[in-house]
Amino acid sequence: MEELLKCENVSFSYENTGVIKNLSFTLNSGDYLCIVGENGSGKSTLTKGLLGLKQPAEGKIIKCNGLKSKEIGYLPQQTPAQKDFPASVFEVVLSGRLSSLGFRPFYSKEDKKIARDNIHRLGIDDLIKRSYRDLSGGQQQRVLLARALCSGKKLLLLDEPVTGLDPIVTEEMYRLILELNKQEHITIIMVSHDINSAVRYATHILHLNFDKSFFGKTSDYIKSPMGRYFFSENENNMITAGEENV
Amino acid sequence: MFDIMSMFQHSFMVRALTGGILISLCAALLGVSLVLKRYSMIGDGLSHVGFGALAIGSAANFAPLEFSIPIVVVSAFFLLRISENSKIKGDAAIALISTGALAIGITVASLSGVNTDIDNYLFGSILSLSNSDIVICWIVFAIVMVLFVMFYNKIFAVTFDESFAKATGTKTGIYNMLIALLTALTIVIGMKLMGTLLISSLIIFPAITSMRICKRFKTVMISSAVVSVVCFFVGLVISYQYSTPAGASVVLVNLCVLIIFSAIGFVRDKINEKKYLKGDLNETAQSKKL
């Protein structure tokens with residue numbers, strides 16, 4: 001197990017109020033980390049920090065093993081403008097090679113091959129010429145996942161990847177992510193609202209809660225007071241939470 | 001039959017056609033990105049700011065274009081900032097700025113007593129393009145084309161998904177600024193052709209029209225450019241033959257093409273839907289190549 005990402009006593013503030021205080025955790029390659037927490041607990045702030053878009057107010061985020069922030073495969077939340085965007089699946093996936101462009105104006109043959117390989121990897125070959133806006137929500141997420149794989153081979157950062165998907169497609173998406181993690185040994189960081197699935201799939205949980213955040217193995221999380229509290233409460237509220245997500 | 005050849009024996013018509021085609025191309029390319037980023041109204045706002053600046057410029061006896069270009073460029077950056085800032089609602093702010101600038105322009109122009117200019121700027125005066133205007137058109141065209149080809153892939157990525165582009169280390173702010181700058185240039189020059197009230201149509205119509213039937217970003221771009229140039233040409237010929245206002249004729253031709261493209265897109269989607277229901281997936285995928 002080699003270390004991939006390390007947060008040391010990291011604090012973030014947002015509009016002059018601290019959201020994350022003194023957070024430390026280490027991510028090894030091959031881990032599957034789920035970041036959970038209520039709205040406003042700093043999930044998106046931490047995401048920006050990991051991507052290198054926001055500097056922590058205190059502490060350090062260290063990328064080990066030659067990892068660069070450009071090499072994190074990122075799956076952002078979809079914007080409404082994207083849903084009816086006229087672009088072919090290939091164009092969208094290829095744009096994942098953006099960071100490799102540098103000052104070159106056009107993509108190379110190699111970039112195109114990588115894009116094709118990742119389309120194949122996610123089993124969406126038959127969609128390659130389709131228009132992104134004609135796809136279903138689940139297909140669109142697969143396309144965006146293929147794009148993320150084009151930019152990051154080691155680490156994927158997924159920001160609420162199942163928002164707006166129906167239960168069956170949600171399950172498929174989780175399976176796909178698990179497959180990438182188990183078979184291709186890609187390290188996963190997933191921001192999620194769905195604590196039940198987080199506990200089911202992830203190897204590690206980071207529960208953000210201002211200065212009392214929890215980080216550890218999933219099995220320890222379930223036993224911890226915080227995990228027990230949120231997990232049992234969440235199970236009781238599963239029906240309402242499920243409705244909210246749809 | 002239209003007497004097109006005789007039409008272009010007038011040098012002012014040749015200038016109108018050259019300038020119009022150059023600006024239409026710029027506007028069409030920029031329009032795709034602006035419309036997809038939900039920034040359509042920025043074009044409208046900028047043209048009104050441009051009107052205010054032109055009115056002040058000509059009242060103060062400055063060279064109108066040289067005076068208004070920097071003002072519109074600065075407003076473009078400003079408008080973009082407003083749209084990015086979620087605390088102020090972008091559409092409302094644009095409406096405030098554009099009506100405010102229009103009011104300033106009209107007041108200044110009527111106080112200084114140059115009313116013919118007002119008409120020209122509001123409704124365009126495509127036939128009064130001078131040779132130096134054409135030179136400026138060529139310069140703007142060259143800048144837009146070179147930057148667009150150089151940064152095509154980056155503009156696509158920033159338009160499609162700004163947060164992803166940012167995460168992969170792209171300076172998205174620079175590309176947004178670049179688009180705003182080029183839009184500002186295109187609009188100020190285009191106002192002389194189309195007028196303040198109609199210039200944003202050159203930006204919005206071809207993009208929306210092309211999106212009715214094109215499914216790829218690249219084809220949307222190419223189709224916008226073609227639609228824009230063809231509509232401008234047809235509009236200009238109609239305006240010459242029937243003595244209709246040039247700017248308005250171009251917009252009306254654009255409107256007709258939009259209706260035709262929408263109808264084609266609608267019918268094709270219906271046909272595809274039927275094919276899809278029959279389970280003829282392969283054929284659907286084939287027909288979606290565009």
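## A two-chain model at a glance

In chain A, among contacts between residues at least 6 apart in sequence, 68% join residues at least 24 apart. Please keep in mind that this is a predicted model.

**Overall build of chain A**

- The secondary structure of chain A amounts to 10 helices and 9 strands.
- A compact globule of 246 residues would have a radius of gyration near 18 Å, and chain A has 18 Å, so the two agree.
- Of the 246 residues in chain A, 41% count as buried.

**Two domains in chain A**

- Chain A splits into domain 1, made of 1–67 + 154–168 + 186–246, and domain 2, made of 78–153.
- Taken over C-alpha atoms, the centres of domain 1 of chain A and domain 2 of chain A are 26 Å apart.
- Where these two domains touch, domain 1 of chain A contributes 6 residues and domain 2 of chain A contributes 6 residues.
- On the domain 1 side of that contact in chain A, the residues are 4 nonpolar, 1 polar and 1 charged.

- Strand 8 of chain A covers residues 204–207.
- His204(A) and Leu206(A) point one way from strand 8, while Ile205(A) and His207(A) point the other way. All of these residues are buried.
- Strand 3 of chain A (residues 32–36) pairs with strand 8 of chain A in the parallel sense, over 4 bridges. Within this pairing, Val36(A) has His207(A) as its bridge partner in strand 8.
- Strand 9 of chain A (residues 214–217) pairs with strand 8 of chain A in the antiparallel sense, over 4 bridges. Here the bridge partner of Ile205(A) in strand 9 is Gly216(A).

**Where chain B meets chain A**

- The contact between the chains brings 29 residues of chain B together with 26 residues of chain A.
- On the chain B side, helix 7 (131–150), helix 8 (152–160), helix 9 (162–167) and helix 12 each supply at least two residues.
- Helix 8 of chain B gives the most to this side, with 6 residues.
- By class, the side of chain B that touches chain A has 15 nonpolar, 5 polar and 9 charged residues.

**Helix 12 of chain B**

- Helix 12 of chain B runs over residues 217–242 and has 26 residues.
- From its first C-alpha to its last, helix 12 of chain B reaches 37 Å, close to the 38 Å expected at 1.5 Å a residue.

**Leu197(B), a loop residue to look up**

- Leu197(B) sits in the loop between helix 10 (172–194) and helix 11 (199–213) of chain B.
- Leu197(B) counts as buried because 20 other C-beta atoms lie within 10 Å.
- Leaving out residues up to four places away in sequence, Leu197(B) touches Leu122(B) and Phe123(B).
- Gly247(B) is 50 residues from Leu197(B) in sequence, and their C-alpha atoms are 9.4 Å apart in space.

Notes:
Residues numbered from 1 in each chain as written. Chains lettered and ligands numbered in written order. Predicted model: local features only at pLDDT ≥ 70, side-chain atom pairs only at ≥ 80, totals over all residues. Domains from an automatic or database assignment. Contact = placed C-beta atoms within 7 Å. Nonpolar A, V, L, I, M, F, W, Y, C, P; charged D, E, K, R; others polar. Expected span 1.5 Å × (residues − 1). Rg over C-alpha atoms; globule rule 2.2 N^0.38 Å. Buried ≥ 20, exposed ≤ 12 C-beta atoms within 10 Å, placed from the backbone. Pairing = 2+ DSSP bridges.
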